[in-house]
Structures are given as structure tokens and as C-alpha cells.
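Notebook open. Today I'm looking up charged side chains and who they pair with.

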Amino acid sequence: MSTGTQGALGETGRFDAAVIGFAAECPHVPELSHMVVPGARVYAVGALADVAASDGADQRNIDEAFGALAQACRRDGLAWSGHLAVASAEVLPRLTRSPRMGMFRRPVSEAIDRLILSVRTASPFASEAVRPGACRLARRLHPFRR
């Protein structure tokens with residue numbers, strides 16, 4: 001990373017790391033080579049719907065997207081550095097007023113913190129999948145559903 005007024009962009013106007021985010025229902029592998037320097041680290045965050053309630057298509061889509069992104073990185077001389085899959089991501093907006101490290105948001109918050117640490121220290125991220133809260137979250141959001 002360069003210093004001074006150029007910041008993370010450096011002299012070439014390209015980044016030395018990228019974090020790509022996408023939803024499972026519309027995975028898209030962007031063309032990165034014009035945005036990052038050769039050898040740049042690439043991380044990904046994917047949002048999935050409730051895996052238990054779906055037919056598994058989201059999981060397949062996101063796995064394929066992560067695989068395609070890793071393959072594109074290898075092809076373009078970039079360093080695939082891991083991914084984070086967030087299941088039941090559709091409930092996160094409803095939790096914006098709950099504490100960041102409260103019972104419902106803690107698993108996602110901690111995983112994002114680990115991803116940020118990896119990006120900031122130029123380290124690989126141990127790919128993982130997380131979801132907000134447990135059964136109590138479902139009861140809170142859908143009190144009449146059993």
C-alpha cells in the first residue's frame with residue numbers, strides 16, 4: 001500500500017485489495033484486473049436467504065460464484081484470499097437497532113471483524129459461513145410461527 005495523498009489507490013489508480021459483495025440470487029463475478037494491481041488480494045462476502053427454508057439453490061449459486069471468483073483470480077494473477085457466506089441475511093436490516101455484539105448479531109459481527117482483520121493485515125481469511133442468532137431470533141421475528 002502506498003503512503004501520502006494517494007492512499008490505497010497508489011500511483012496506478014488501482015487497489016491492492018478488493019472485497020466483493022453479492023447476493024446469492026444474483027451472483028456476478030466482476031472483471032477485477034482493471035481495478036486492482038497484479039497480485040492483489042481478493043475477498044468476497046455473499047448473502048444467502050434462509051438456507052433451511054430454501055431448496056438449496058442459494059447455497060449452490062453462492063458456492064458457484066465463490067468458485068468462479070477464485071478461478072478468475074488465479075487466471076488474472078490475483079490472490080484469492082477467502083470468503084464469508086452470511087445465511088439468513090434478509091433478517092439483518094430488522095436487527096439494525098439491536099446491539100452490534102448482542103445475541104442476534106454477534107456471529108455475523110465477529111465474522112466481519114475477522115474478515116476486516118484479514119484485509120488490514122494482508123492475510124488470507126479462513127472461509128466460513130455464519131448466520132445471525134439462533135432459534136430465539138426466529139421466534140422474535142415470527143412470534144406466531146411454530
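This is a predicted model: local features need pLDDT of at least 70, side-chain atom pairs count only at pLDDT 80 or more; totals for chains, interfaces and linings use all residues.

I started with Arg 106, which counts as partly exposed at 37% relative accessibility. My cut-offs: buried is under 20% relative accessible area, exposed is over 50%, and partly exposed is in between (1.4 Å probe, protein chains only).

Residues are numbered from 1 along each chain as its sequence is written, and side-chain values use heavy atoms, with hydrogens and water left out.

Next I checked the partner. The side chain of Arg 106 meets that of Glu 110 in a salt bridge, 3.5 Å from N to O (a side-chain nitrogen of Lys or Arg within 4 Å of a carboxyl oxygen of Asp or Glu). Glu 110 is partly exposed, at 30%. Both sit in helix α2 (residues 106–120), 4 residues apart, about one turn of the helix. Helices (H or I, at least four residues) and strands (E, at least two) are DSSP runs, numbered from the N terminus.

How many salt bridges does the structure hold? I found 3.

Another one joins Glu 128 and Arg 114, at 2.8 Å, N to O. This pair links distant parts of the chain: Glu 128 is in strand β4 (residues 128–130) and Arg 114 in helix α2, 14 residues apart. Glu 128 is partly exposed at 22%, and Arg 114 is partly exposed at 37%.

Then I looked at Arg 75 and Asp 76, whose side chains form a salt bridge at 3.1 Å, N to O. Arg 75 is exposed, at 59%, whereas Asp 76 is partly exposed, at 27%.
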